[in-house]
Structure formats: C-alpha cells, structure tokens
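Please look over the sequence and structure before reading on.

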Amino acid sequence: MNEYDSDKMADVLRASEGMTRTDVLEDADLILFNTCSVREKAQEKVFSDLGRVRLLKVAKPDLLIGVGGCVASQEGATIVKRAPYVDMVFGPQTLHRLPQLMAARRASGDPQIDISFPEIEKFDHLPEIALGKIDGRTSVASAFVSIMEGCSKYCSFCVVPYTRGEEVSRPVADVMRDVQTLVAQGVGEITLLGQNVNAYSGVLTRDNQNGGRQNKNSWDDDERVDLAYLIQTLAALEGLQRLRFTTSHPKDMSQRLIDVYASTPKLSSHLHLPVQSGSDRILAAMKRGHTALEYKSTIKKLRQMRPDLVVSSDFIVGFPGETERDFEATLQLIKDVGYDSGYSFLYSPRPGTPAAQLKDEVSQEIKEARLQRLQDLLRAQSQTLTQDLLGSVQRVLVESVSRKNVHEMAGRLDSNRVVNFAGSPGMIGRFVEVKITDAWHHTLRGERIMSAG
Ligand code: SAM
C-alpha cells in the first residue's frame with residue numbers, strides 16, 4: 001500500500017510539474033518521505049532520515065522537503081516543530097494535493113500541513129493510469145489497483161484507522177476503468193489493494209445514481225456491492241488472466257467471497273489472511289472479532305472450494321499479557337493451518353491505541369526468543385512446502401529478467417512464489433508452463449514446458 005502511494009505521488013508530480021524520479025539525492029528539487037507508523041522503529045527512522053537531508057537544503061535553498069504517509073497523519077505540525085526545514089506535511093489521503101501544497105509553500109514561505117481525510121477525493125485527482133510511462137516501476141506483467149482506503153476495525157494495537165481514516169470504497173465503474181486501461185496495455189495480472197480489502201463495499205457508479213453523490217454516507221447499503229461481486233465482474237474481462245487481493249481481515253471473509261474461489265479460476269490460489277495470534281484470549285484483547293477456531297473454519301471452507309490454496313499471515317508476538325500458553329497456541333495454529341509464509345513482528349505500542357494502555361509484564365528477552373521460535377517454525381514449514389513443488393508443472397506469469405542471470409527470466413507462480421528459468425525478455429507479461437526442477441528456501445528454478453503445436 002505504501003509503495004502504491006509512493007508511485008501515485010510520482011504520478012501526480014509528473015503530470016502536474018513534469019518532475020521525474022532521481023536516485024541521486026543531490027540532484028533532487030524535491031525530497032519526499034513516505035512514512036509508516038505501524039511500528040515504532042519505522043516512525044523514529046523518519047526523524048533520523050530527515051536529519052540527513054537537512055544539510056542538502058543548506059547547499060540548495062530552493063530544495064523542498066515533504067513528509068507524507070501515516071507518521072505525517074499522526075504527528076502533523078509536530079514534524080515541522082521537530083524539523084523546521086520540512087516544507088510540506090501531508091497524509092495518505094491528501095497526497096494528490098502535493099502540487100497545491102508546493103505552490104502554497106513557495107508563495108507564502110510558510111510550511112504547509114494538510115493531513116485531512118477527504119474520503120474518496122484522492123482517487124479522483126490522480127492522473128490516468130498509463131503503463132510504460134512510469135519509470136519502469138509498474139511491471140508490464142502485473143499491476144496494483146487500489147479499490148478501498150482506510151480501516152474501520154479498530155484492532156486495539158493498530159494505528160491505521162487513526163492515520164488513514166475509516167473504510168471508503170471506490171465505485172465499481174472507477175475500478176473497472178483502471179483495470180481495463182491496464183489490461184488494454186497488456187497487463188495480465190491485477191492485485192486489488194486496500195488496508196482491509198475484503199471489506200470492499202462500493203457503489204456501481206457514482207454518476208448514474210442520483211447525480212454523483214460523493215459522500216460515502218449518502219449511499220444506502222442496498223446500493224452497494226462487495227468484493228465477491230467486484231472479483232467476478234473483473235474476471236469476466238477477456239485480457240485479464242489472474243486476480244489477487246491484499247490485505248484481508250478474517251472477519252470480512254464472507255461466504256460469498258469464499259464461494260468465489262470455486263467459481264472464479266482467475267482468482268489466485270494465494271491468500272494473505274492476517275491472524276496475529278492463535279490464542280482466543282489475545283485475539284479478544286486485540287479486538288479481532290473472531291476466535292482461532294473460527295479462523296481455522298474459514299480456512300477449511302476456503303480449501304473445500306480451492307484445495308490447493310496457499311495461505312500466508314501476519315503475526316504479532318509479545319502482545320501485552322501474552323503467556324507461554326498463548327504463544328504455544330499461536331505455534332499450534334501455524335501448524336494446523338500449514339502456512340506457507342508469514343510476516344512476524346514484535347508488538348510495538350502505538351500512541352493513541354487502546355493496547356498502549358495495557359500493562360505489559362513480558363520481558364523483551366522472552367518476546368525476542370518467542371519471535372525467533374515462531375520464525376523458525378514458519379521457515380521450516382515453508383521449506384517443506386517448497387520441496388513439495390519439485391517435479392510439478394506450474395502456470396507462471398513471466399515478470400522480468402532474473403536479477404542474477406540475464407539469460408534467465410523470473411516469473412511468479414499462482415501461489416506467489418518466484419521461479420527462475422531459461423527464457424527471453426519477449427516472454428514478459430505472458431503466462432508459460434514451467435516444470436520445477438530445483439527448490440531452495442523461497443526461490444525455485446525450473447524448465448519451460450513447450451506446449452504442443
Ligand atoms: N489488515 C491487516 C489486519 O488484518 O490486521 C492490517 C495490516 S497492518 C498495516 C500490517 C501488519 O502490521 C498487521 O497485520 C500486524 O501484524 C502488524 N502490526 C500492526 N500494528 C502493529 C503493532 N502495534 N505492533 C506490531 N505489529 C503491528
């Protein structure tokens with residue numbers, strides 16, 4: 001999501017200011033920091049990075065420095081107080097206003113701060129999607145399309161609802177237009193993006209119903225469609241070959257969405273469904289709204305629809321009050337679900353979240369040892385699943401030339417793993433059949449199978 005937002009900032013600045021990206025800091029006329037505040041480490045890094053670019057401004061007084069993203073949302077004017085050389089502070093929902101903020105900064109000489117949540121407005125002010133003109137950032141094979149923003153779940157540990165605002169979905173017609181543009185340019189795979197993407201609840205179009213109401217509250221629930229509908233609608237597009245979506249919340253994994261795994265072969269067999277913990281006590285304290293058994297039952301239903309489904313997750317280790325027994329329950333859940341991979345984090349108290357008030361008696365040492373055990377288990381499981389792929393034939397979307405060998409191509413399996421195989425750049429963007437011949441921890445090597453005729 002953050003990467004997607006960074007790309008959008010570059011698109012906005014290219015369209016309105018004719019700016020292009022540079023990797024050389026000293027050449028830049030504008031330096032933007034797109035920040036994440038999900039964990040404390042990321043937040044503090046912003047201030048140390050800002051300190052580093054400060055000297056550049058001394059040598060080049062016209063240089064503009066901006067801070068965007070969730071730290072900007074959370075800290076607002078405090079950023080300018082702590083780092084007075086910052087010119088613009090903007091949130092994830094106001095990145096499209098960057099050109100106006102820059103103009104106002106230049107005209108007034110004062111730092112500009114806009115961290116409001118103007119709901120869906122952001123999507124209306126982004127430049128048209130134009131593949132091939134975006135500094136090679138978007139692969140010709142695969143692209144992201146944001147379909148909703150924000151989160152209304154208010155998990156007790158999470159800062160997202162406060163920094164990105166509540167859930168707001170784009171109309172189906174707007175998403176469809178973006179996907180059609182990409183597919184017409186040869187993109188075979190689309191990943192639908194959102195903080196809580198399976199909570200998608202969009203109207204069909206904003207124009208043909210009551211003259212373009214833009215406020216999310218002015219639409220009735222019965223005028224809305226869900227992610228299941230959106231996926232089925234998009235899957236009907238001829239050129240589109242594979243659809244993914246991320247990130248999901250277990251509570252929003254509706255039966256309709258589960259059924260789509262049976263009816264829609266274009267939907268990828270990889271699902272990232274963050275569970276955070278396997279202990280019901282901790283899940284309740286996190287306000288996740290489901291138990292471990294309910295989560296496992298969702299996975300079971302999904303596998304009834306799609307037996308080869310590969311599941312990954314996020315885990316938080318060391319949530320306040322987590323006992324050894326709670327932690328063991330998480331390890332057990334990892335085994336029961338048979339996760340293919342996962343992102344795991346030490347709990348980080350975030351200011352303004354309810355969990356930050358909880359008493360935490362678990363030592364840092366214990367938390368770190370638990371994190372290590374959890375990561376060891378995930379790694380071992382992942383290795384077994386990788387080995388299981390040996391000898392199988394997989395449908396692979398060719399994404400790029402391999403980073404390590406220019407005579408090899410890198411492609412992605414339906415289950416999201418990367419495979420390298422001998423090929424040529426002309427294959428990029430196409431689906432090919434590859435037989436898996438070698439399997440390491442997370443990368444695979446294979447041989448292309450030539451189809452008959
Ligand atoms: N939609 C996701 C969900 O179902 O919770 C949230 C995405 S969040 C931006 C990415 C991940 O960061 C979360 O799944 C969680 O594992 C981790 N995370 C969020 N807040 C955290 C915190 N306070 N401490 C440690 N990890 C955290």
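A polar contact is a pair of N or O atoms within 3.5 Å. In this predicted model, an oxygen atom of the ligand lies 2.7 Å from a side-chain N or O atom of Gln-276. The points below take the ligand site and then the cavity.

**Ligand contacts**
- A side-chain N or O atom of Arg-288 is 2.8 Å from an oxygen atom of the ligand.
- Ser-348 takes part through its backbone, where a polar atom is 2.8 Å from a nitrogen atom of the ligand.
- On its own the ligand has 570 Å² of accessible area, and the protein covers 91% of that area.

**Shell around the ligand**
- The ligand is surrounded by 18 residues, with Gln-195, Gln-276, Arg-288, Asp-314 and Ser-348 the closest.
- By class, the shell has 8 nonpolar, 6 polar and 4 charged residues.
- At least two residues of the shell come from strand S13 (310-317), and at least two from strand S14 (341-346).

**Cavity**
- Searching the whole structure gives 1 cavity of 30 Å³ or more.
- The largest cavity holds about 30 Å³ of space.
- Its lining consists of Leu-243, Arg-244, Phe-245, Tyr-261, Leu-267, Ser-268, His-270 and Leu-271.
- The lining of the largest cavity divides into 5 nonpolar, 2 polar and 1 charged residues.
- Strand S11 (242-246) and strand S12 (270-272) each contribute at least two residues to this lining, and S11 gives the most, with 3 residues.

Terms used. Residues numbered from 1 in each chain as written. Predicted model: local features only at pLDDT ≥ 70, side-chain atom pairs only at ≥ 80, totals over all residues. Heavy atoms only, no water. Near = heavy atom within 4 Å. Polar contact = N/O pair within 3.5 Å; in protein donor to acceptor, adjacent residues only side chain to side chain. Areas by Shrake-Rupley, 256 points an atom, 1.4 Å probe, with all protein chains shown as cover. Helix = DSSP H or I, 4+ residues; strand = E, 2+ residues; numbered from the N terminus. Nonpolar A, V, L, I, M, F, W, Y, C, P; charged D, E, K, R; others polar. 1 Å grid on protein atoms, 1.4 Å probe; cavity = no way out; pocket = protein on both sides within 12 Å on 5 of 7 lines; lining within 4 Å. Points joined across faces, edges and corners; volume = space filled by probe spheres on them.
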